Structures are given as structure tokens and as C-alpha cells.
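This report describes an interface and then two local sites. The structure comes first.

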Amino acid sequence: MNPAVREAEILVVGGGAAGLCAAAEAAVAGARVLVLESDLHLGGQLVKQTHKFFGSKDEFAGTRGFKIAGKILDEMASCKDKIETVTNANVMGYYPEDGVVTVMVGEDEYFKVKPARIVMATGAQERLIAFPNNDLPGVYGAGAVQTLMNVYGVSPGDRVLMVGAGNIGLIVSYQLMQAGVQVAAILEAMPNIGGYWVHAAKIRRLGVPILLRHTIKAALGDVVVEGAIVRSLANGETFKIDCDIICLAVGLSPTAEILWQAGCEMKYVPELCGYVPIRNARQRTTNDDVWVAGDAAGIEEASSAMVEGRIAGLDAAASLGYEIDESRFGVYEERLKALRSGETASRIRAGLARVSANGFLGGMTSDGFQ
Amino acid sequence: MPLIERHPILDFKHDGKVEFTFDGKAMEGFEGEPIAAALHSNGVKIYRETPEMKRPRGFFCAIGKCSSCFMVVDGVPNVRTCVTPLRRGMAVLTQRGRGSVSIAEGEARR
Ligand SMILES: Cc1cc2nc3c(=O)[nH]c(=O)nc-3n(C[C@H](O)[C@H](O)[C@H](O)COP(=O)(O)OP(=O)(O)OC[C@H]3O[C@@H](n4cnc5c(N)ncnc54)[C@H](O)[C@@H]3O)c2cc1C
Ligand code: FES
């Protein structure tokens with residue numbers, strides 16, 4: 001059986017912060033957009049967050065994550081005749097010979113799309129660390145814990161050991177307590193807390209110990225997690241912590257499989273947390289038909305993901321001949337520049353300098369590919 | 001594990017209760033939620049057994065990327081239960097090994 005090939009002007013892969021902004025922007029410019037999202041709902045990471053976001057006001061900083069998603073969806077609703085969204089639709093492959101993209105909907109429906117342009121906004125996936133029994137049921141990624149409790153309202157367990165004190169580890173710990181789950185401790189191998197102090201302070205006030213220079217040595221249990229052995233990296237001492245869930249918040253890597261398949265030139269950039277595509281100031285990769293935006297372009301934040309999405313959507317529409325207001329690029333680039341100024345963003349700036357075609361530094365210049 | 005009934009910020013609807021079975025036992029969940037979430041709220045954390053080492057597997061990523069949550073659903077093996085919506089009357093089985101579908105069966109499903 002040969003399924004029909006669907007046409008699309010702009011295909012957006014991934015319906016998170018970046019993808020939805022790209023779709024809205026391209027549709028406002030007049031392009032017909034198809035958004036494919038593998039999850040059962042749109043919004044990506046945003047819908048799993050209960051806290052008020054940091055970032056820029058233009059990108060709704062100060063608003064709770066799940067409400068930001070709602071605002072972008074409202075914007076999309078204003079040009080809904082141009083945008084089609086399909087959820088539970090997993091983009092599986094890209095065939096560079098003819099530019100055909102293959103898609104699975106659920107477990108048994110399959111179709112192909114031949115888009116004129118593609119914006120890849122596939123976000124990130126979680127890292128895993130090695131320790132004995134790390135495959136036991138009850139060792140969950142932080143994203144899985146968030147999905148269970150914040151999207152479906154199911155308590156992940158009674159008592160959680162959190163591994164990692166970056167922003168995700170801290171925020172998810174706080175979210176667990178909001179959901180009525182006990183947090184036994186937060187482990188952090190580094191000598192300092194990676195996430196923002198405001199989040200750490202909130203958690204400490206609630207009496208949860210943040211154990212610096214500690215790591216997990218093993219998960220305990222026969223068929224499910226019943227505890228963990230923790231080890232101090234300072235003095236080698238080990239001790240047991242009782243828990244029924246071990247939550248890993250040990251970092252994210254960009255989801256790049258389809259970018260590889262599309263033949264985009266990729267580069268390993270530690271500051272951006274993995275392999276990311278080389279791109280120009282307008283988010284266009286070395287495959288002329290493919291743009292990238294958001295965490296897939298390097299792990300950063302929602303505000304910059306949204307602005308990158310807007311730039312990508314606008315540029316993709318312009319490349320199809322739609323008339324756009326060129327000055328928008330300047331506005332968006334200024335926003336990126338502001339988001340990426342300051343001490344905490346120095347890593348991001350260093351990373352971007354390494355993947356930018358023509359030495360372009362994210363948001364610092366306005367010229368595209370030569 | 002119980003459902004979250006009270007939350008300072010989120011409001012969970014938890015409606016559309018449906019029945020399904022897990023390894024033959026009757027259970028209840030909510031229509032449209034992922035099968036794995038429904039099992040979890042019924043206290044079930046083990047979804048399959050690995051082919052070689054016979055290790056128990058639960059879920060890990062919950063976004064359909066890691067293959068940890070494969071189960072046999074209505075006779076079809078390797079269903080990603082973390083992203084497959086629950087429907088009334090589904091028969092969900094712990095998956096042991098790789099699972100198989102005969103070619104005839106596969107053809108018949110088309
Ligand atoms: C706990 C936590 C707290 C955070 N707090 C903040 C904060 O306060 N401020 C801030 O600015 N940022 C914050 N962030 C970061 C922010 O959420 C992300 O940077 C942002 O959501 C990235 O957006 P995105 O669209 O690139 O990716 P995502 O939101 O991850 O969206 C990607 C989407 O693509 C889909 N997808 C992936 N592969 C495919 C495929 N093959 N086919 C179809 N669909 C696919 C995924 O299902 C997903 O929905 C936080 C993140 C976490 C985890
Ligand atoms: S838990 Fe990872 S695919 Fe379902």
C-alpha cells in the first residue's frame with residue numbers, strides 16, 4: 001500500500017515553544033503551515049511547567065509556563081485557516097533525494113509529506129547516567145515525572161530522590177512538593193548549585209537537603225526502586241536513602257536525528273549540549289530547505305526558543321515569496337541580543353559563535369547567508 | 001499511586017472514566033490519558049520484561065522516545081504505552097520478550 005504524499009508549504013516538526021511561534025509567524029505572513037507534534041497535545045515543555053518563567057517580557061516572562069503555551073495557541077487561532085496541526089504524529093524520516101518526510105500517527109497510521117520548507121523544532125531529550133540498576137522501574141527522567149504529575153495529574157510516587165541541582169532538578173523538586181510528593185534529597189556532583197538561587201532557596205526553606213559533591217552509586221530493589229545508595233565525592237562515604245522514585249535531571253541534549261537525515265552540516269558544541277546544525281542569522285541550516293529553532297538548535301531557554309521560532313517562520317515564508325516586513329528581523333534580533341547579554345549567557349554566546357555561518361554571533365548582526 | 005486531587009496551581013479534570021484490563025485484571029482509567037499513566041495510577045509500574053536478561057522495565061521518558069514502556073495492547077506488541085491514549089475496553093498485557101505479529105495477521109490489519 002502506497003500512502004498518498006501530502007503537500008505542505010511549510011512543515012513545522014515539533015509543537016513546542018519554538019515550533020508554535022514559527023507556525024504563527026509564517027501563517028501571519030500568508031504561508032500554509034502544517035505542524036506535526038508527536039505528543040498527545042501541543043505546547044512541548046511549556047505545558048509541563050507550573051512556575052512563572054524568567055526571560056523576556058515580550059515572550060511572557062512572569063507568566064506560568066502552561067499559560068504561555070495558551071497565549072501562543074491563541075495567536076495561532078487568529079490565523080487558523082492557514083495552520084493545520086496534527087498531534088500524536090511522529091516524524092520518523094527525511095529523504096534528502098526528494099525531500100519527502102515520513103510520519104507515523106499513533107501506532108498504525110502512516111503518511112508522507114513533501115513540504116517546500118521545513119522548520120525543525122524538535123526540542124531536547126534527556127540524558128541518562130550509568131549506575132547499577134538504573135534500568136529499574138522507578139528510575140524516571142525529570143520530564144517523565146513532570147508529564148505524569150503536571151499533565152495527567154498522576155502522582156509519580158511517595159518519596160523521590162532527585163539527581164541533579166540544575167534548574168530542572170530544582171524546579172521539578174518544587175513541583176513534586178506542590179503535587180504533595182516528598183522529596184528526600186537533591187544530589188549534585190558539582191561543588192555548587194547549577195540552577196538559579198531563587199529556586200534553590202525556595203527548596204531549602206521547605207527543608208529539602210541539597211547535597212553538593214554527592215552522587216548516586218546504585219539504585220536498590222528487586223523489581224522496582226526501593227531506595228538508593230548515595231556516595232560523597234568529598235570523602236567517599238556511602239549511605240542509604242529511602243525512596244520509591246529516583247528522578248534524573250542530569251541534562252538535556254538537542255533532538256537532532258532528523259537534521260542529520262536532512263544532511264545538515266552538524267557540529268558538536270559542548271556549550272549548546274550536543275550536536276547542532278550550522279546555521280545563519282535567520283536560523284537557516286546548510287540544507288537550504290531546512291530551518292532550526294529552539295532547544296534543537298542548542299539547549300537554551302523558552303524566550304530565545306520563541307524568538308528563534310519567529311525568525312525561522314518569517315524567513316521560511318519570505319523564501320517562498322511571501323511579502324514580509326523586513327524590519328521584523330531587526331526587532332527579533334534585538335530581543336535575542338538582550339536575552340543573550342549578561343554573565344549567565346556567556347556560555348550560549350560562546351557556543352553560538354561556533355555554529356554560526358560566516359562567524360555570525362546570535363543576534364549581534366543582521367545579515368544572513370552570503 | 002494515587003491521583004493528585006489538590007494542587008495549588010493546576011486543576012485536573014479527571015473525567016471520562018473507562019474500564020480496561022491489565023493482564024486480565026479489571027482496572028479503571030480516564031479515556032484519552034496515556035495507557036502508562038492509567039496503569040501508574042493503578043499502582044502498576046512494570047510494563048515489560050526484556051528479551052535477554054529478563055529485567056523488568058517501567059517507563060522512563062514518557063514522550064515516546066526510549067522504548068522502555070512497550071506493552072501488548074489488544075494483541076499488538078511494542079505499543080508505546082506512554083503516548084498511546086487509553087480507550088474503553090482495551091486489553092493491556094505485560095510484554096515478555098520482543099513480541100511477534102504473524103505476516104497474515106499484519107496483512108489482515110491493513
Ligand atoms: C523544568 C523546566 C523548567 C524550565 N523553566 C524555564 C524558565 O523558567 N524560563 C525559560 O525561558 N525556559 C525554561 N525552560 C526551558 C524551556 O522550557 C525550553 O527551553 C523550551 O520549552 C524549548 O522549546 P522548544 O520548542 O525548542 O522545545 P520543546 O518545548 O521541547 O518542544 C519540542 C516538541 O517537539 C516534539 N517532537 C520532537 N521530536 C519530534 C518528532 N520527530 N516528530 C514530531 N514531534 C516531535 C516534542 O514532542 C515537543 O513537543 C524550562 C525547562 C524545563 C524542563
Ligand atoms: S517511556 Fe520512553 S517510549 Fe514510552
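## Interface and local sites

Between them, chain B and chain A bury about 3,300 Å², of which 59% is on carbon and sulfur atoms; buried area is the accessible area (1.4 Å probe) that two parts lose on being put together, summed over both. On the chain B side, Ile9(B), Lys45(B) and Phe60(B) lose the most area to chain A, together 19% of what that side buries. The model is predicted: local features need pLDDT of at least 70, side-chain atom pairs count only at pLDDT 80 or more, and totals for chains, interfaces and linings use all residues. Residues are numbered from 1 along each chain as its sequence is written, chains are lettered from A in the order in which they are written, and side-chain values use heavy atoms, with hydrogens and water left out.

In contact terms (heavy atoms within 4.5 Å), 37 residues of chain B meet 44 residues of chain A. The rule finds three salt bridges across this interface, a salt bridge being a side-chain nitrogen of Lys or Arg within 4 Å of a carboxyl oxygen of Asp or Glu. Arg80(B) and Glu107(A) form a salt bridge through their side chains at 2.9 Å, N to O.

| Residue | Relative accessibility | Class |
|---|---|---|
| Ser304(A) | 3% | buried |
| Tyr275(A) | 41% | partly exposed |

Ser304(A) touches Leu336(A), Leu339(A) and Arg340(A), not counting residues up to four places away in sequence.

How values were computed. Buried < 20%, exposed > 50% of the residue type's maximum accessible area, 1.4 Å probe, protein only.
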